[in-house]
Amino acid sequence: MSQDGLSEWMSNERYEHRICGAHPQTVHRLRHALRSSSFETECQGMLLKVAELLNDNTAGLAVGTALGKVYWQLIEGIEDVVLFFVLDVVDIDTKQITFVRRQLPNKELLFKHLYKADLSNGV
C-alpha cells in the first residue's frame with residue numbers, strides 16, 4: 001500500500017468499512033508511542049492484540065492522518081480485517097476505520113466486536 005493508503009482503502013471494493021471514534025486508551029497508546037523510539041514495536045503489539053480479538057481471521061493495521069500521511073502500516077492487502085487509525089490533533093476527533101472483507105459471513109459480528117477497539121493493554 002502506498003503512502004496515500006487511506007484513500008486506496010476507502011475505495012477498495014473488496015472491503016466494507018465503518019468509521020467510529022477511536023477508543024481513548026488506544027489513542028493515548030498511539031500518541032505515547034509516536035513520541036517514543038518504540039513506535040513500530042508498539043504498533044506491532046497493537047496488531048497482535050487485534051489478532052487475538054479475531055481468532056481465525058487475518059488482520060492488518062495502519063496509523064496515519066486524514067491528510068494521507070501514513071506513520072506505520074503492516075498490510076499486505078489480503079487480510080480479512082484492517083484497522084486504520086486516523087490521528088487528529090484533538091483526541092476525540094481521532095478515528096478508527098475498520099475494513100472487513102465483504103465476502104466474510106461473520107462480517108457484522110467482526111464490526112461489532114471491533115467497534116472502538118481498546119488496544120491499550122496486552123501484548
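Biologist: In this predicted model, which residue does E16 pair with at 2.8 Å between the closest N and O atoms?

Modeller: Side chains of opposite charge can pair when their charged atoms come close. A salt bridge needs a nitrogen and a carboxyl oxygen within 4 Å. At 2.8 Å, the pair qualifies, and the partner of E16 is K107.

Biologist: How many residues apart in sequence are the parts that E16 and K107 tie together?

Modeller: E16 lies in strand β1, residues 15–21. K107 lies in helix α4, residues 107–114.

Biologist: Is E16 buried or exposed?

Modeller: The cut-off for buried is under 20% relative accessible area. E16 has 17% relative accessibility, so E16 counts as buried.

Biologist: And K107, buried or exposed?

Modeller: The cut-off is again under 20%. K107 has 18% relative accessibility, so K107 counts as buried.

Biologist: How far apart are the closest N and O atoms of E16 and R18?

Modeller: E16 also forms a salt bridge with R18. R18 counts as partly exposed because its relative accessibility is 34%. The closest N and O atoms of E16 and R18 are apart by 2.9 Å.

Biologist: Where does D91, the salt-bridge partner of R31, lie?

Modeller: R31 and D91 meet through their side chains at 2.4 Å, N to O. R31 lies in helix α2, residues 24–34, so the pair ties together parts 60 residues apart in sequence. D91 is partly exposed, with a relative accessible area of 43%. Its place is the loop between β4 and β5.

Biologist: Which residues do salt bridges with shared partners join into one network?

Modeller: E16 bridges to R18. E16 also bridges to K107. Shared partners like this build one network, and its members are E16, R18, R102, K107 and E108.

Biologist: How many salt bridges does a search of the whole structure find?

Modeller: The pair R31 and D91 is one of them. The pair E16 and K107 is another. The search of the whole structure finds six.

Biologist: What radius of gyration does the protein have?

Modeller: A compact globule with 123 residues would have a value near 14 Å. The protein agrees with that, and its radius of gyration is 13 Å.

How values were computed:
Residues numbered from 1 in each chain as written. Predicted model: local features only at pLDDT ≥ 70, side-chain atom pairs only at ≥ 80, totals over all residues. Heavy atoms only, no water. Rg over C-alpha atoms; globule rule 2.2 N^0.38 Å. Buried < 20%, exposed > 50% of the residue type's maximum accessible area, 1.4 Å probe, protein only. Helix = DSSP H or I, 4+ residues; strand = E, 2+ residues; numbered from the N terminus.
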